[in-house]
Amino acid sequence: MKMQQVHRTLTSIGLSVQYEKDCLKEVSLFNGSSYHLMRTGSKWVYEEINYEGNRDPDRIEFSTEEEGIKYFLLNRLQSYYLHKYKSICSVGETITSFADFEEKMKKLGIGEGTYSFSAKKPQSFLGMMEDSLVRISYINRHNKISFSTSPLAFDSGIKRLFTYVYLLHLLKNLESLLMNEQVLVQPFIDEYIETFIK
C-alpha cells in the first residue's frame, strides 16, 4: 500500500488526514491529539503529539516505508472503529447464548459471513464451546485457523467474539467500499486483518 492510498482510505471514512511527501498526519476528531508518520533519515517514525503539543516518548521506528504505512493505517483505523464500537458495546454485554448472539448481530446488520459456531468460513471468526468455555479462532482466507484464544468463560468469551466480529464487519465494509472505488486492488490480507483485530 502507498501513502496516497492510506490517505484516501482514511479520509474516505471521515478522518482528518493530511498527506505530504514522506509524511502522513491525522488530527484526531475525538481528543485533539495528532498522529504522524514521517521519514527521518533512513527510518520511518510514528509518533503521537497530544493536544497540548507534548510528544509521546514511546515513538515507534520502522526500517521500511511499507512497515510504517501498514502500522499507521491499522492503528488509525483501529482507533476510529473502537470509538464507534463504544456506542454499541453494551449490546455485547447482554448476550446470553449463541442464538442471542446471532439475533443481536442481525439487528446490527451483520451477516453470518463474519462468524460461525460450527463451520469454518474464510476470513471469519469461529466460536466453539469446550467444556462450558468459549474458544475463539480466526479462520484465514485459506480456511485454516490463524490464531485462537485460550478457552474463556462464556461471558468474557462472547463479549470478545462480539468485539472481533463487529470490528471485522466494519473492516470488510471498508474493504468493499475501497475496492469499488479502486483505492484497493485486492482485499486486505489476513496479516492486516489480524493486526487490526488484535
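Does Ile145 count as buried, exposed or partly exposed, and at what relative accessibility?

## Ile145

Ile145 counts as partly exposed because its relative accessibility is 44%; with a 1.4 Å probe and protein chains only, buried means under 20% relative accessible area, exposed over 50%, and partly exposed in between. The residue is found in strand S9, which covers residues 145-148.

Beyond its neighbours within four places in sequence, Ile145 is in contact with Lys120, Ser137, Tyr138 and Ile139, a contact being heavy atoms within 4.5 Å. Glu112 lies 33 residues from Ile145 along the chain, and their C-alpha atoms are separated by 18 Å.

## Basis of the model

This is a predicted model, in which local features need pLDDT of at least 70 and side-chain atom pairs count only at pLDDT 80 or more, while totals for chains, interfaces and linings use all residues. Residues are numbered from 1 along each chain as its sequence is written, and side-chain values use heavy atoms, leaving out hydrogens and water.

## Overall fold

The chain has 6 helices and 10 strands; these are DSSP runs numbered from the N terminus, with helices (H or I) of at least four residues and strands (E) of at least two. Along its principal axes, the C-alpha trace spans about 55 × 35 × 30 Å.

Of the 198 residues in the chain, 44% are buried. Among contacts between residues at least 6 apart in sequence, 42% join residues at least 24 apart.

## Surface

The accessible surface comes to about 10300 Å², and carbon and sulfur atoms account for 48% of this, as given by the Shrake-Rupley method with a 1.4 Å probe, where for residues only the protein chains shown count as cover.
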